[in-house]
Amino acid sequence: MESPVSFDYAPAPESRAVVSIKPKYGHFIGGKFVAGSKHFPTINPATEEVLSQIALAGKAEVDAAVKAARKAYTATWSKMSGKERGKYLFRIARILQERAREFAVLETLDNGKPIRESRDVDIPLAAAHFFYHAGWADKLEFAGLGTSTKPHGVAGQIIPWNFPLLMLAWKIAPALAAGNTVVLKPAESTSLTALLFAEVCQQAELPAGVVNIVTGDGSTGALIVNHPGIDKIAFTGSTEVGKIIARAVAPTPKSVTLELGGKAANIIFEDAAIDEAIEGIVNGIFFNQGHVCCAGSRLILQENIAEEVLDKLKKRMSKIRVGDPMDKNTDLGAINSKEQLLKIRELSASGDAEGAQRWSAPCELPTKGFWFAPTIFTGITQSHRIAREEIFGPVLSVLTFRTPQEGIDKANNTPFGLSAGIWSEKGSRFFGPANSFALE
Ligand code: NDP
């Protein structure tokens, strides 16, 4: 007789009652919300529901934001001691912690990532980042950077959609700690938590103009990059746009930092603890739907364990729960946008066309929204597009090797150099000169 007991998961949906989304947003300039002139919709990628209308900043708005940032820099922020600046950062960190649930729900609605990740990773890390840099604000002179550390002035900051609030924290917290003021543009598909952060700046009574947030698309980003009133550009996003920015700032006195793409390798040697490695592989590529610049998107397996690893990996992938990002049981949420889904599909189709074998975890994908099942490709050669180009989705490319040197050579055969992993019992394998990664 069949057991009547079911061990299925019951849905555990997070409530969205904690957030209130306005039907339309403006920009945050000089400490105030100002109305935008043009707007575009922002949607929930899991349902395609329009959440709100986001303002598109043109020249006048970017100009106003840069002027407000300059005024705040000259009149207030650059004159303030590090200790005083630190107090504001501590206050922002505390408010982020206090409003963490609101931020987590809003992030998940706007981005499509599982609530478990926004609740346990994005928002706590964003608060921690402000706490960390609050502690630095009064210590920069003693950090071994020389005695006359000085800010750049006004920083233009352009961020992507994969970790919206966390990327904002990575940009704004250190800039403010070091005495800069900022004009930040979030990605067009994920502006809502940046706009809620603007409210936090008001709540923390941050002096007007120290943080300015203008929303918009790539054209707004370009206006920031090319604005003569900006002293420093900080950008995270695609390699293509990074190149455009590098070209634009090269003939100017602006400083620039660029954090671009990756195609990281996870090398698994025959002596690795396989079950642990499987967890590492799964986290490496399926965390945050694979929308991670340092995702372990290439798996490089020693040939004699390839079959065992792939068997175990497929079993583990079959347990990944794909679906409603607001459900606390969900492991893999929605792809952030239709454009990104099309890009993942196009690159995966190139894998099929070039002769690789596709395997996707059996799962029921929702009918609305943007979804892609966790997928691996085997039978890949190093020249395949899916072995070379960043897919930025839940797709893993698997290659094999026989000798350690072959494994290392394959791992290094990429123009990217953001991160890498080695799984082995032997310390000598991690540190041996023959096995060092060439991270140029
Ligand atoms: P982009 O590089 O296009 O976007 C990143 C940010 O730059 C966004 O705020 C974007 O605005 C803005 N932007 C776009 N064009 C310009 C421009 N000409 N001048 C200044 N700013 C600009 O990345 P996407 O969001 O389109 O993602 C595409 C790919 O980028 C991904 O598939 C992935 O490979 C990579 N990526 C890497 C990330 C990383 O962490 N290293 C993060 C995200 C993406 P808008 O959003 O309005 O277009």
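**Exercise 1. Find which residues line the second largest cavity, and describe them by class.**

Solution. The second largest cavity is lined by Arg-298, Gln-382, Ala-387, Arg-388, Leu-399, Lys-410 and Asn-413. Here, on a 1 Å grid over the protein atoms alone, a cavity is a set of points where a 1.4 Å probe fits but cannot get out, a pocket is an open set with protein on both sides within 12 Å along at least five of seven lines, and lining residues have an atom within 4 Å of a point. The model is a predicted one, in which local features need pLDDT of at least 70 and side-chain atom pairs count only at pLDDT 80 or more, while totals for chains, interfaces and linings use all residues. Residues are numbered from 1 along each chain as its sequence is written, and side-chain values use heavy atoms, with hydrogens and water left out.

For the classes, Ala, Val, Leu, Ile, Met, Phe, Trp, Tyr, Cys and Pro count as nonpolar, Asp, Glu, Lys and Arg as charged, and the others, Gly among them, as polar. On that basis this lining has two nonpolar, two polar and three charged residues. The volume of the second largest cavity is about 30 Å³, where a volume is the space filled by probe spheres set on the grid points, which are joined across faces, edges and corners.

**Exercise 2. State how many cavities of 30 Å³ or more the structure holds, and describe the largest cavity.**

Solution. There are two cavities of 30 Å³ or more, and the largest cavity contains about 70 Å³ of space. Its lining is made of 13 residues, of which Gly-290, Ala-295, Ser-297, Glu-390 and Phe-392 are the closest to the centre. Sorted by class, the lining of the largest cavity has seven nonpolar, four polar and two charged residues.

**Exercise 3. Describe the largest pocket, and name the element that gives the most to its lining.**

Solution. Two or more lining residues come from each of strand E3 (38-43), H7, E8, helix H8 (239-249) and H11, where helices (H or I, at least four residues) and strands (E, at least two) are DSSP runs numbered from the N terminus. The most comes from H8, with six residues. In the lining of the largest pocket, 22 residues are nonpolar, 14 are polar and twelve are charged.

**Exercise 4. Locate the ligand, and find which residues come nearest to it.**

Solution. The ligand takes up the space of the largest pocket, a placement that requires more than half of its atoms to lie within 2 Å of the grid points. Around the ligand are 28 residues, and Trp-161, Ser-238, Leu-260, Lys-343 and Glu-390 come nearest; a residue belongs to this shell if one of its heavy atoms lies within 4 Å of the ligand.

Next, consider the separations from oxygen atoms of the ligand. A polar side-chain atom of Trp-161 is 2.5 Å from a ligand oxygen atom, a polar side-chain atom of Ser-238 is 2.6 Å from one, and a side-chain N or O atom of Lys-343 is 2.6 Å from one. The protein buries 87% of the 860 Å² that the ligand exposes when taken alone, with accessible areas taken from the Shrake-Rupley method with a 1.4 Å probe.

Finally, helix H7 (218-225) supplies the largest share of the shell, four residues, and the shell as a whole divides into 14 nonpolar, eight polar and six charged residues.

Terms used
Polar contact = N/O pair within 3.5 Å; in protein donor to acceptor, adjacent residues only side chain to side chain.
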